[in-house]
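Please look over the sequence and the model below before reading on. The briefing that follows is arranged by topic, so that each point can be checked against the picture.

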Amino acid sequence: VSNICDLDLQGVSEAIRTRRVSSAEATAAYLERIERHDGVLMSYLTVTGERAMAQARVMDAELTAGHWRGPLHGVPIALKDLIETAGVRTTGGSRALRDNVPTTNSPIVDKLDAAGAVMLGKTAMHEFAFGRPRANGEFATGRNPWNVERVTAGSSSGSGAAMAAGLCAGSLGSDTGGSIRGPASFCGLVGHKPSYGLVTRRGVLPMCWSLDHVGPMVRSTWDAAVMLQAIAGHDPGDASTSSRAVPSYTEGLEAGVRGVRLGLLRRHYLEWPDLHADVKSASEAAFGELANQGARITDVDAPMLDQAVHIWLPFLSEMFDYHKELVRERGQDYWPSTRHRLYMGAMFSAADMLRAQRLRTVLARQVALLFDGVDALIFPGQAMPAAPFGYQSETEVIASSNRFTAPWNLLGLPACVVPCGFSADGLPVSIQIVGRPFDDATVLRIARAYERACDWNQRRPDPAGWKL
Amino acid sequence: LTLAPAPGTLELPNTWEKTMADGPDAAARARFESEVSIAGLEIPNEDREITFLMWADMQKYRDTLRAAEVELPLEPTFMQKPCMPGGGA
């Protein structure tokens, strides 16, 4: 294997299973690459090298004994640093939890352990999943491997940077208003926000618990399917999780889109005046490719989408409720921009929240009607390619980015971004696919149909550019 | 002696009255301070101006939310989730 770190998760998994490389060798290769490049990319907050090597040796011993746990057996992965890991600090990207070492794992970590994944470490993130990007210093949020002067988007910023740079074979992020799909889009990855209730939130530091989702950020749809499979399923400790059976996400992945009905949200997204021209043209080409493969694409609309960002904002009161004691005790350990956002969360009234709840129900009904006529919705993944650090104001970030992602958190629908090309200045752009509740398999199948017709996810950023 | 009003009241903090009366955005600052008070927030002085500016910027979103027409006969639900019967879309 010439460079294991350039492979996708499927490639790494296959190399380990067929014993062309051991898990220990693969893990060592990633750790060496982290050591060499992460001083610039700043994608990890904690690297668990010794623990990873020990895990890898156990996986190699099992394989030698003839026991293969499945596609994550021995595969080195990284976790966003809000997923609790026993004995390994979990900071939420904040100085306020700098020394927080949980005594128990999130069930997500237990599931990944059981699947044989090797944890390389905990990735950087925007503070408590709602802070701003930070280029330097303690708790820096990560630089974009496609251009280190650009942000990765957030809040799963380190997972995006590490994954794109080949500093892990798979990663997990979390998504409350777009925190998986934003970084995946900006870093040229597949990012899948699962259906709400499919993956437990227990042992995950919350932002807004009714909108939080944990999901994969990886190089291909197959990788996303495998990681989702590992972490999906009912958790008796999380009342929001569904007890329905989890289907196979890889089984129908190659089924294609012939006859699949896709609803293009043209007015709200494609004709939005602020949509970047390069995103628009790449998205239109991608939708054309899906049509060429036999998908039936029609324009659809849900007028209440215009209100979605306004509906989403009062849910920030959940964020304040979680933080109100900690910020009182350790407010000076929060970055100022995070404190300011927290204050916003406190200043929505009960009337605002009730109105948001009512309007969300209207939005849900409008979107449900769309699904009477289509199997999935399609539109661009983000408004623009990755911006330079410090480019946008607080509300500009919310308005432009959340427009593309937050509605689907409000509705809890499965939503996946998949790379669809590059901007004129070489930055990745994506399309997004949204499906019915718990129909994550169809969403991934559509993403795969597009992915296999192009080579966007085979391209890698040049490490020669990873210097300041 | 404390100048801060009790949480939950509409009384304005005395320390901000002069600023509010003098500034061109006095009405907005008064509203901001009343909302800070109602929320029971303790905002450090160094955070106050930028928090006000963010709050002011946020008003267009809140105003749009409040102006949106709701023609929904049913009450909203706090608990309904996509994983529950009838939940989500």
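The model is predicted, and every value given here is computed from it. In this model 35 residues of chain B are in contact with 45 residues of chain A, and a search of the whole structure finds 31 salt bridges over all chains.

**Where chain B meets chain A**

- The size of an interface is often given as the accessible area lost when the parts come together; for chain B and chain A this buried area is about 3700 Å², and carbon and sulfur atoms give 68% of it.
- The rule finds 3 salt bridges across the interface of chain B and chain A, and the side chains of B:Arg62 and A:Asp352 also meet in a salt bridge, with a distance of 3.9 Å from N to O.
- Between chain B and chain A, 8 residue pairs are counted in polar contact, with both residues at pLDDT 80 or more.
- On the side of chain B that touches chain A, H2 and H3 of chain B each supply at least two residues, and H3(B) gives the most, with 14 residues.
- Sorted by class, that side of chain B has 22 nonpolar, 4 polar and 9 charged residues.

**Two pairs of helices**

- Two packed helices are described by the angle between their axes and the distance between the axes.
- In chain B, the axes of helix H2 (residues 26–39) and helix H3 (residues 45–67) come within 10 Å and cross at roughly 90°, and H2(B) and H3(B) are therefore roughly perpendicular to each other.
- The residues that H2(B) brings to this contact include B:Phe32, B:Glu35 and B:Val36, while those from H3(B) include B:Phe52, B:Trp55 and B:Arg62.
- By class, the residues of the contact of H2(B) with H3(B) divide into 5 nonpolar, 2 polar and 9 charged.
- In chain A, the axes of helix H4 (residues 107–114) and helix H7 (residues 221–231) come within 8 Å and cross at roughly 115°.
- This contact is made by A:Ile108, A:Lys111 and A:Leu112 of H4(A) together with A:Met227, A:Ala230 and A:Ile231 of H7(A), and its residues divide into 5 nonpolar, no polar and 1 charged.

**Backbone features in one loop of chain A**

- The loop between strand S3 (118–123) and helix H5 (157–164) of chain A holds A:Ser155, and the peptide bond from A:Gly154 to A:Ser155 is cis, with omega near 10°.
- A:Phe139 is also placed in the loop between S3 and H5 of chain A, and A:Phe139 has a positive phi of about 60° although it is not a glycine.

- A:Phe389 lies in the loop between strand S9 (376–380) and helix H14 (394–411) of chain A; A:Phe389 and A:Arg150 are 239 residues apart in sequence, yet their C-alpha atoms are 5.7 Å apart in space.
- Leaving aside its neighbours within four places in sequence, A:Phe389 is in contact with several residues, among them A:Pro133, A:Gly142, A:Val148 and A:Arg150.
- The side chains of A:Glu254 and A:Arg448 meet in a salt bridge, with a distance of 2.9 Å from N to O.
- A:Glu254 lies in the loop between H7 and strand S7 (261–264) of chain A and A:Arg448 in helix H15 (residues 440–451) of chain A, so this pair ties together parts that are 194 residues apart in sequence.

Technical notes
Residues numbered from 1 in each chain as written. Chains lettered and ligands numbered in written order. Predicted model: local features only at pLDDT ≥ 70, side-chain atom pairs only at ≥ 80, totals over all residues. Heavy atoms only, no water. Axes fitted to C-alpha atoms, helices over the stretch in contact; angles between N-to-C directions. Helix = DSSP H or I, 4+ residues; strand = E, 2+ residues; numbered from the N terminus. Parallel < 35°, antiparallel > 145°, perpendicular 65-115°, else oblique. Contact = heavy atoms within 4.5 Å. Nonpolar A, V, L, I, M, F, W, Y, C, P; charged D, E, K, R; others polar. Buried area = accessible area lost by both parts, 1.4 Å probe. Salt bridge = Lys/Arg side-chain N within 4 Å of Asp/Glu carboxyl O. Polar contact = N/O pair within 3.5 Å; in protein donor to acceptor, adjacent residues only side chain to side chain.
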